[in-house]
Amino acid sequence: MNKRILGLAIPNIITNITVPLLGMVDMAIVGHLSAAHIGAIAIGTQIFNLIYWNFGFLRMGTSGFTAQAYGAQDMKEAVRIFLRAIVIALAVALLLIVLQWPISLLSEVIFRVDNDESIIQLALAYFFVRIWAAPATLGLYAVKGWFIGMQNSKLPMWIAIFLNIVNIVCSLLFVLVLHWGIRGVALGTVIAQYSGLTVGLFFLVKKYGHIFSQYYPEAQLSAKEKMSQMLKETLQWKAMRGFFKVNGDIFLRTVCLSTVFTFITAASSRMGSDILAIDALLLQFCTLFSYIMDGFAYAGESLVGRYIGAKDGKSLRLSVRLLLLWGVILTVAFTAIYALCGNGILKLFSDDPAVIVGAQPFMFWTLIIPICGFSAFLFDGIFIGATASRTMRDCMFIASAAFFAVYYLGLTIPNLLYGTSPNPEQMNNILLTAFMVYLSMRGILQAFSLKKSVYGKIQ
């Protein structure tokens, strides 16, 4: 079982590590321009996180449903799931492009930086270029989720490697050679996303084209008639209702997640541009760890869905236990790495002395992130594979409520007790404390729900 887990997890880790690596490269490129550019990239990235995370069900729901169809050896249903996801992805992407101006106005209100208008204007310049990648980005969600559900984590790995090489090369060219600034970083992302989608569809046709072509083997049906029939069955209301029922819960769960991260960036921006830049860099440590852990979470999606589809309770329980063991091992490793190399990693992101010095009082939080976060990240994959979306949603509701409760109580209590408001450093520590409570609550609540929501699927 460990061999099977690692066979799925390692390619997923390589896939996922390219995502924070890309963000780190972007941060490093603009970080050497100014602190304002660091803040702008943080805000611009968070705008798209707020948008795209809310449609993460296009990957998560697709992988869970597909894995269960794979375990049940129902390839027709696997085809339907992919077509359903890709149609919804393209429809949502077109809607986002149409609504880009209202989104930008809302973002300007949410992410306003006190006494520094230049940061939000830089962030919006990034936004108006990158929004045109929406069809490719959401299409890749569907493609990646389908590959993971089909127990194939190597193809997403090669797609991600190719995509991120293109992105890094384009960003370096556009910013350092052509001097297009933050718009150059955004344009590099647009080109890379469409390149990645093209490669993903090529792999899909090459590897799995026979599944689609054999969907209707009747000789009298033309390719056009087969596609028409597939889409008709795929978009039937009964099938779509089941798809949206699970993914609606994932959507609401992800709205909470994106709200928390958006609030962190917005709250940081109101503490000043220096705190905004510092928190943007500190969150890179969380991002790096989460994407490593997500490699094992994606393996959990594949295996849990497969064993539930196959009604194999013994393998299901063993896979969950081993996934959690790997999580503990990686938590210890990352805590040690951050303790020994934290400042070195920080300096890779920025050479601004004020930012480096200002981050020092908060560096201890990088040691707490792995401990608080590992179980939350792993259980997400396990519950997605089980399509236990309602439990995920409810746990996220409670954890998000705890985040806001801790934050606002932390701001209010000193004023009630001592008659003074916290200074920016104290406010930031309160914000980061609330974030750790949020991560911990997600993992704890899902652990208590494991027996009923996951193991109960095959009883």
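About 50 Å³ of space lies in the second largest cavity of this predicted model. Local features need pLDDT of at least 70, side-chain atom pairs count only at pLDDT 80 or more, and totals for chains, interfaces and linings use all residues. Numbering runs from 1 along each chain, and side-chain values use heavy atoms, without hydrogens or water.

**Cavity**
- A cavity is a set of points on a 1 Å grid, over the protein atoms alone, where a 1.4 Å probe fits but cannot get out; lining residues have an atom within 4 Å of a point.
- Leu282, Leu283, Trp365, Thr366, Ile369, Leu432, Phe435 and Met436 line the second largest cavity.
- Helices α12 (273–309), α15 (365–385) and α17 (424–453) each give two or more residues to this lining.

**Salt bridges**
- A salt bridge puts a side-chain nitrogen of Lys or Arg within 4 Å of a carboxyl oxygen of Asp or Glu.
- The count comes to seven salt bridges.
- Asp249 pairs with Arg393, their closest N and O atoms being 3.0 Å apart. Asp249 sits in α11 and Arg393 in α16, 144 residues apart.
- Arg442 forms a salt bridge with Asp380, with closest N and O atoms 2.6 Å apart. Arg442 lies in α17 and Asp380 in α15, so the pair ties together parts 62 residues apart in sequence.

**Helix α7**
- Helices are DSSP runs (H or I, at least four residues), numbered from the N terminus.
- Helix α7 covers residues 134–149. In α7, 15 of the 16 residues are buried, so the rest of the structure largely encloses this helix.

Methods: Expected span 1.5 Å × (residues − 1). Buried < 20%, exposed > 50% of the residue type's maximum accessible area, 1.4 Å probe, protein only. 1 Å grid on protein atoms, 1.4 Å probe; cavity = no way out; pocket = protein on both sides within 12 Å on 5 of 7 lines; lining within 4 Å. Points joined across faces, edges and corners; volume = space filled by probe spheres on them.
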